[in-house]
Amino acid sequence: MATAARAMEADMVDMGVLIGSIRRFGLEGPPYEIIGPSAASPMGEPHMRIHLLQSNEDVDYPVRDILADPVEG
């Protein structure tokens, strides 16, 4: 049930509000900055482009996972 609720929340969030925020993968994971929208997954799940601050890489990451990660700062 929690996964379905997070998926529904991801569909309703204004993704523009997320841009520029910094979050962590879980409580002690590395920080990342949300830099913009990206293409949806083949299943239609919304994704955002994130920048991994420690490794200087850019990757796509599901919005539902972003919403579950803690905000840094």
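Rings, charges and strands

Tutor: Phe25 counts as partly exposed, at 26% relative accessibility. In these terms, buried means under 20% relative accessible area, exposed means over 50%, and partly exposed lies in between, with a 1.4 Å probe and protein chains only. The model is a predicted one, in which local features need pLDDT of at least 70 and side-chain atom pairs count only at pLDDT 80 or more, whereas totals for chains, interfaces and linings use all residues. Residues are numbered from 1 along each chain as its sequence is written, and side-chain values use heavy atoms, with hydrogens and water left out.

The aromatic rings come first. A pair of aromatic rings is described by the distance of the centres and the angle of the planes. Rings of Phe, Tyr and Trp (its six-membered ring) pair if their centres lie within 6.5 Å, and planes under 30 degrees apart count as stacked, over 60 as edge-to-face and the rest as tilted. By this rule, there are three aromatic pairs. One of them joins Phe25 to Tyr61 in an edge-to-face arrangement, at 5.1 Å centre to centre and with 85 degrees between the planes. Phe25 lies in the loop between β1 (22-24) and β2, and Tyr61 in strand β4, so this pair ties together parts that are 36 residues apart in sequence. Helices and strands here are DSSP runs numbered from the N terminus, a helix (H or I) having at least four residues and a strand (E) at least two.

Tyr61 counts as buried, at 14% relative accessibility. Its ring also pairs with that of Tyr32: the centres are 5.5 Å apart and the planes stand at 75 degrees, so this pair is edge-to-face. Because Tyr32 lies in strand β2 and Tyr61 in strand β4, the contact ties together parts that are 29 residues apart in sequence. Tyr32 is buried, with a relative accessible area of 0%. Phe25, Tyr32 and Tyr61 form one aromatic cluster.

The charged side chains are next. A salt bridge is a side-chain nitrogen of Lys or Arg within 4 Å of a carboxyl oxygen of Asp or Glu, and the count by this rule comes to four. Among them is the bridge between the side chains of Arg64 and Glu45, at 2.3 Å from N to O. Arg64 lies in helix α3 (residues 63-68) and Glu45 in the loop between β2 (31-38) and β3 (47-52), so the bridge ties together parts that are 19 residues apart in sequence. Arg64 is partly exposed at 23% relative accessibility, and Glu45 is partly exposed at 22%. Arg64 also forms a salt bridge with Asp65, whose closest N and O atoms are 2.9 Å apart. Asp65 is buried, with a relative accessible area of 18%.

Asp60 is partly exposed at 38% relative accessibility, and Arg49 is partly exposed at 30%.

The C-alpha atoms of Arg49 and Ile34 are separated by 6.2 Å, although the two residues are 15 apart along the chain. Leaving aside residues up to four places away in sequence, Arg49 touches Glu33, Ile34, Ile35, Gly36, Pro37, Ser38, Asp58, Val59 and Asp60, where contact means heavy atoms within 4.5 Å.

Five of the six residues of β3 are buried, and the strand is mostly covered. Two strands pair if DSSP finds at least two bridges between them. β2 and β3 pair in the antiparallel sense over six bridges, and Glu33 stands opposite His51 in β3. Strands β3 and β4 also run antiparallel, joined by six bridges, and here His51 stands opposite Asp58 in β4. These two strands, β3 and β4, form a hairpin with four residues between them, and Asn56 in the turn has a positive phi of about 60 degrees.
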